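This report examines helix packing and the ligand surroundings in the structure shown below.

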Amino acid sequence: MALRKLVAGNWKMNGSLAGLTELDAIAGAASDAVDVAICPPATLISAAVSRQSSLPIGAQDCHWNASGAHTGCLSVAMLAEAGAKLVIVGHSERRTDNHETDAEVKAKASAAIAGGLVAIVCVGETEAQRDAGHAIGVVTAQLQGSVPEVGRGETLVIAYEPVWAIGTGRTPTVADVADMHAAIRQCLRQLLGNEGAKVRILYGGSVKPSNAAELLHIPDVDGALVGGASLKAADFVPIIDAAK
Ligand code: PGA
């Protein structure tokens, strides 16, 4: 089943109010053929929504609790009030920098979906895990621990991001991406039944204009999560176009 593709930009800790001008051309590239979203730093969500109300804007993390003594954290309701429509959870940089566990990622994704946001749950192996032949086992275990039972085709997205491919300019082979996405699809069917067939599986890690078409036409690659190449419309728009 061909799912409508989603090309999402993850600005990480980059961007500024002045840089929101990039959203104009990005919003212009969105079409009926592909969904497009941008996840800027949380401080820019509200201004991004004001600038381009037709472009879904997302956050890069959320807390699983609705409120309370969690200094520096943001709840799903706060992000939704700022205008966010989706939220990335379990990005490998947060799993590493903030020691996030699968159980925490699952709690965040569950809270996001309960609060009306689309949750993009990230998974991916390290280079050592791939070299040891454990890539599919590692990612399957992350999915089993991180995917919320309430996930549905409209509310849950998976992003497969090999840790060693993020920001490095390196990507897995087409065959390796195909094998991994097929394994993720099979796991989602086991976890979610028929809904598992409707959940979009994005590829992420060094997606750029020169490799987007090849990556986006691999079976079960339902879009891309793009870091560095999402910061400038000149790089991001050709990736959106490659998904059409
Ligand atoms: P990259 O990052 O495109 O800069 O490799 C992808 C990501 O971390 O989401």
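## Helix 7 and helix 8

In this predicted model, helix 7 and helix 8 cross in a right-handed sense. Helix 7 spans residues 135–146 and helix 8 spans residues 174–192; their axes are 10 Å apart and meet at an angle of about 30 degrees. Because angles under 35 degrees count as roughly parallel, helix 7 and helix 8 are roughly parallel to each other.

On the side of helix 7, the contact is formed by Ala 135, Ile 136, Val 139, Thr 140, Leu 143 and Gln 144. Helix 8 contributes Asp 179, Met 180, Ala 183, Ile 184, Cys 187 and Leu 191. Sorted by class, the contact of helix 7 with helix 8 comprises nine nonpolar, two polar and one charged residues.

## Helix 5 and helix 7

Helix 7 also packs against helix 5, which covers residues 102–114; the two axes come within 7 Å and cross at roughly 50 degrees. Helix 5 and helix 7 are therefore oblique to each other.

The residues of helix 5 in this contact are Asp 102, Ala 103, Val 105, Lys 106 and Ala 109, and those of helix 7 are Ala 141, Gln 142, Gly 145 and Ser 146. The contact of helix 5 with helix 7 contains four nonpolar, three polar and two charged residues.

## Helix 9 and helix 10

Helix 9 and helix 10, the latter at residues 233–242, pack with their axes 9 Å apart and an angle of about 20 degrees between them. That angle makes helix 9 roughly parallel to helix 10. The crossing of helix 9 with helix 10 is right-handed.

Pro 209, Ala 212, Ala 213 and Leu 216 of helix 9 make the contact with Asp 235, Pro 238, Ile 239 and Ala 242 of helix 10. The contact of helix 9 with helix 10 has seven nonpolar residues, no polar ones and one charged residue.

## Residues around the ligand

There are 13 residues around the ligand, and those that come nearest are Lys 12, His 91, Glu 161, Gly 167 and Ser 206. For Gly 167, a backbone N or O atom lies 2.7 Å from an oxygen atom of the ligand. A backbone N or O atom of Ser 206 likewise lies 2.7 Å from a ligand oxygen atom. At Gly 227, a polar backbone atom is 2.8 Å from an oxygen atom of the ligand.

Most residues other than glycine have a negative phi. Lys 12, which is not a glycine, has a positive phi near 50 degrees. Lys 12 is placed in the loop between strand 1 (5–10) and helix 1 (22–29).

Ser 206 is likewise not a glycine, and its phi is positive at about 60 degrees. The loop that holds Ser 206 runs between strand 7 (200–204) and helix 9 (209–216). Both Lys 12 and Ser 206 belong to the residues that come nearest to the ligand.

Terms used
Residues are numbered from 1 along each chain as its sequence is written. This is a predicted model: local features need pLDDT of at least 70, side-chain atom pairs count only at pLDDT 80 or more; totals for chains, interfaces and linings use all residues. Side-chain values use heavy atoms; hydrogens and water are left out. Axes are lines fitted to C-alpha atoms, for helices over the stretch in contact, and angles run from 0 to 180 degrees between N-to-C directions. Helices (H or I, at least four residues) and strands (E, at least two) are DSSP runs, numbered from the N terminus. Angles under 35 degrees count as roughly parallel, over 145 as roughly antiparallel, 65 to 115 as roughly perpendicular and the rest as oblique. A crossing is left-handed if the near helix is turned anticlockwise from the far one by less than a right angle, and right-handed if clockwise. Contact means heavy atoms within 4.5 Å. Ala, Val, Leu, Ile, Met, Phe, Trp, Tyr, Cys and Pro count as nonpolar, Asp, Glu, Lys and Arg as charged, and the others, Gly among them, as polar. A residue is near a molecule or strand if one of its heavy atoms lies within 4 Å of it. A polar contact is a pair of N or O atoms within 3.5 Å; within protein, one must be able to donate a hydrogen and the other to accept it, and residues adjacent in sequence count only if both atoms are side-chain atoms.
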